[in-house]
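Work through the exercises below with the structure in view. Each task is followed by a solution in steps.

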Amino acid sequence: MQRKWMAIAAVALVVVTLGLTLRSALGQETGPDGARAVLAFEREAENERAIYAPDQLTQPDSPAISFITTNTAYCYQPDPRQDVCYVNYGEQYVDAAPSYMITMTVMLDNRYVARYAGFFQTSLYASHSFHSPGFKVACGALGSSGVPDWGKGYSFVIRARDSAGLTSANYGTVYCPAYIP
Amino acid sequence: MVRKLAAISAILLAAALIWTGAVGAGPDRAAAPVAAPTSAPGPDSDSPVSVAPDGPASTSISYIDSTVPQCYQNVAAQNECYINWAYISVSTTSPAYITAMTVTVDSRVRAVYQGFFQNSLAVSAAMHGKGFLVPCGAYGAAGDMAWGGSHSFVIQARDTAGAPTANYGSVTCPGIRLIYLPALLKG
């Protein structure tokens with residue numbers, strides 16, 4: 001009886017081992033966004049950007065969707081007497097020709113703050129003026145982000161998805177001026 | 001036989017786990033925050049001054065172009081003025097990227113701009129709504145009876161090569177007539 005159970009366990013181990021090696025050989029890696037294939041990835045200091053493919057065996061040799069161009073994430077304090085800051089982006093742009101852009105979303109500290117939808121568009125562009133004066137946040141106390149001269153830091157994630165199911169994502173942090181009463 | 005099979009399976013599993021750990025690791029997203037550009041005392045002058053980056057071979061970053069520093073009073077007779085710039089831009093040469101740029105008014109940081117894989121960073125007036133609120137000040141507060149108070153500014157930028165650059169200057173605002181009411185005692 002014991003030998004039977006050991007045999008079953010041994011076979012199970014072999015199956016699991018083969019499954020794991022096969023998954024690695026096919027390039028199915030876990031990126032920051034979970035279990036999807038990472039087609040392209042770049043990192044610079046705290047900033048990261050990635051392009052993902054749907055979790056399937058056949059993946060495009062060259063993804064149609066581009067990296068999202070996120071120019072100048074910024075935070076400013078209009079009135080120094082108030083603990084009120086605004087986060088915004090100079091502009092955002094992503095292209096997926098010949099696929100259509102479906103959506104682009106903006107998250108600040110794991111909360112969605114904007115969603116842009118494509119309408120038979122192969123590219124999607126968003127300017128700071130679309131949400132002037134920006135997304136309202138607390139400035140935070142001096143040094144609250146760990147950087148001595150600044151206030152709070154807010155992590156952002158910008159994701160875009162095209163009609164082929166490909167996803168492009170940008171990850172970063174934007175720091176605010178401190179509120180000094 | 002069964003024991004041999006179990007031992008071989010355990011070795012294969014360990015090898016597979018090591019292999020997947022070596023190639024399947026997600027990107028390490030823990031990173032130290034970018035240090036703020038260090039503050040430096042500016043020259044005592046009303047005229048704008050651009051300071052060249054310091055240090056040997058640290059010339060990848062350009063001067064900061066900060067055009068038309070302005071101060072305006074949105075509503076007459078209110079002690080609320082707004083400072084802004086037509087645009088501010090800075091660039092660096094590849095492979096360096098712009099890390100961050102800050103705007104400081106009267107020794108307070110009022111805006112922080114992060115570069116995102118950018119060799120250049122440009123900011124327009126429209127990106128700050130009305131601008132940065134400052135008190136207008138009474139007529140003559142800056143020494144000119146036709147105008148109000150003066151506010152110093154420092155714009156600093158840094159790239160990934162560590163080269164800093166900074167602009168120092170001041171803007172003078174429209175003045176207001178401040179009326180001080182006498183203290184009245186009840187009695």
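A nonpolar core is a set of buried Ala, Val, Leu, Ile, Met, Phe, Trp, Tyr and Cys residues joined through C-beta atoms within 7 Å. The model used here is predicted.

**Exercise 1.** Find which residues touch the most other members of the largest nonpolar core.

Solution. Step one: the largest nonpolar core holds 71 residues. Step two: A:Tyr74, A:Cys75 and B:Val112 touch the most other members. Step three: take A:Tyr74 and leave out residues up to four places away in sequence; its contacts then include A:Asn88 and A:Val174 in chain A, and B:Ala111, B:Val112, B:Tyr113, B:Gln114 and B:Met127 in chain B. As background, nonpolar side chains in soluble globular proteins tend to be buried together.

**Exercise 2.** Describe how strand 8 and strand 9 of chain B are arranged.

Solution. Step one: strand 8 (residues 150-159) runs antiparallel to strand 9, and 9 bridges join the two. Step two: within this pair, B:His151 is opposite B:Val171. Step three: the two strands form a hairpin with 4 residues between them, and B:Gly162 in the turn has a positive phi of about 90°. Step four: strand 9 (residues 164-172) has 7 of its 9 residues buried, so the rest of the structure largely encloses this strand.

**Exercise 3.** Decide where chain B should be read with caution, using pLDDT.

Solution. Step one: chain B has an average pLDDT of 79, with 71% of the residues scoring at least 70. Step two: over residues 22-48 of chain B, pLDDT stays under 50, and the model has 47 contacts beyond four places in sequence for them. Step three: residues 52-57 of chain B are also below 50. Step four: where pLDDT is low, the predicted coordinates should not be read in detail.

Definitions and conventions:
Residues numbered from 1 in each chain as written. Chains lettered and ligands numbered in written order. Predicted model: local features only at pLDDT ≥ 70, side-chain atom pairs only at ≥ 80, totals over all residues. Buried ≥ 20, exposed ≤ 12 C-beta atoms within 10 Å, placed from the backbone. Pairing = 2+ DSSP bridges. pLDDT = per-residue confidence, 0-100. Contact = placed C-beta atoms within 7 Å.
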